[in-house]
Amino acid sequence: MNRTFTPRSMVFISFLGALSFLLMSIEVPLPFAPAYMKFEISDLPALFGGFFLGPLAGTMACLIKILLKLIVIGTHSALVGEMMNLFCSMAFVLTAAWYYHFHYNKKGALQSLVLASLLGSAFAVFTNYYFAIPMYVRLYGIPLETILQMAAAANPFVHSMTGFLLLTILPFNLVKYAVVSVIAFSVYKRISLALQALIRHDAR
C-alpha cells in the first residue's frame, strides 16, 4: 500500500508538503461561516501524495505543511487551529488514499474522494465538538455563547451548538472537500501519468 521511500520520493513528499503550506496562505471567507473560518485547498497536494505514493506519504505531507506553518508563521491559536487542521487533513487524505489503493482506477478515485469528503466532514464535526471548541473556551476564556453569536452573525439559522455544528461546521467542510475533490479529479489523468512516470523512474 505504501511505496518504498527513496531519496527521490522523500524530496517529492517534502515538495508536496511545502506546496500545501503555500496553498494554506490563500484563504477566502465563506458567507455562511464566521470570519475566523477561512476556506483553503491546502489538502490538494497531500491528497496526490497519498494517491500515488501511499497513505503514509499523504500523512507526511500534511505533517510537513503544519510544521512549516509553525516554523515560518507560528501559532495564533495555542496550537489548537494547527492541530485541527492536521487532524482533519489526515482524516480526508488517509481515507481517500486508503480506499484508492484498493480500487486503483478512475472510478475508484472518484469513489475515494466522495467517501473521504463525507467522512472528513463528519470527523470535523466530531473534533470541533469534543476538542476544538472546548479548548478555545478553556484556553482563551471565551464563553460558548460568544462563539455561537459569532456563528449566528454569519448564519442566522444557528441558534445552538447543534445548529453551529450542522449548519456551519458540516457544510463548510463539505464545500472545502468538494472543491478539493473536483480539482483533484479534474486533473487526475494528467497528474496520474506524470507521477507514474516519476515513480517508475524512481524505482529503477
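Me: I'd like to start with a single residue. Where is Leu 79 found?

Reply: Leu 79 is in the loop between H3 and H4. Keep in mind as we go that this is a predicted model. Ala 78 belongs to that loop too, with helix H3 covering 55–72 and helix H4 covering 80–100.

Me: What should I look for in the backbone angles there?

Reply: Start with the general idea: most residues other than glycine have a negative phi. Now the case here. Phi of Ala 78 is near 55°, which is positive although the residue is not a glycine. Leu 79 also has a positive phi, near 75°, and is not a glycine either.

Me: Why does Glu 145 count as exposed?

Reply: Glu 145 counts as exposed because its relative accessible area is 51%. You will find this residue in helix H6.

Me: Why do Lys 69 and Lys 176 count as buried?

Reply: Go back to that cut-off. Lys 69 has a relative accessibility of 12%, so it is buried. Lys 176 is at 9%, so it is buried too. Lys 69 is part of helix H3. Setting aside residues up to four places away in sequence, Lys 69 touches Phe 21, Met 24, Gly 74, Thr 75, His 76 and Glu 82. Lys 176 lies in helix H7, residues 161–186. With neighbours within four places left out, Lys 176 contacts Phe 39, Glu 40 and Asp 43.

Me: How do I read a whole helix?

Reply: In an α-helix there are 3.6 residues a turn, so residues three or four places apart point the same way. Take helix H1, residues 7–24: its 18 residues reach 26 Å from first C-alpha to last, close to the 26 Å expected. Its buried residues include Ser 9, Phe 12, Ile 13, Leu 16, Ser 20 and Leu 23.

Me: Which residues touch the most other members of the largest nonpolar core?

Reply: That core has 47 residues, and Leu 47, Phe 51, Phe 92, Phe 164 and Ile 169 touch the most other members. Two or more core residues come from each of H1, helix H2 (43–53), H3, H4, helix H5 (106–140), helix H6 (144–154) and H7. For a closer look, pick Phe 51: beyond four places in sequence, its contacts include Ala 96, Tyr 100, His 101 and Leu 113.

Me: And how do I describe a pocket?

Reply: Give its volume, then its lining. The largest pocket has a volume of about 1000 Å³. H1, H4, H5, H6 and H7 each give two or more residues to its lining. Of the 32 lining residues, Tyr 36, Met 37, Lys 38, Gly 81 and Tyr 136 lie nearest the centre. By class, the lining has 18 nonpolar, 8 polar and 6 charged residues.

How values were computed
Residues numbered from 1 in each chain as written. Predicted model: local features only at pLDDT ≥ 70, side-chain atom pairs only at ≥ 80, totals over all residues. Heavy atoms only, no water. Helix = DSSP H or I, 4+ residues; strand = E, 2+ residues; numbered from the N terminus. Buried < 20%, exposed > 50% of the residue type's maximum accessible area, 1.4 Å probe, protein only. Contact = heavy atoms within 4.5 Å. Expected span 1.5 Å × (residues − 1). Core = buried A, V, L, I, M, F, W, Y, C linked by side-chain atoms within 4.5 Å. 1 Å grid on protein atoms, 1.4 Å probe; cavity = no way out; pocket = protein on both sides within 12 Å on 5 of 7 lines; lining within 4 Å. Points joined across faces, edges and corners; volume = space filled by probe spheres on them. Nonpolar A, V, L, I, M, F, W, Y, C, P; charged D, E, K, R; others polar.
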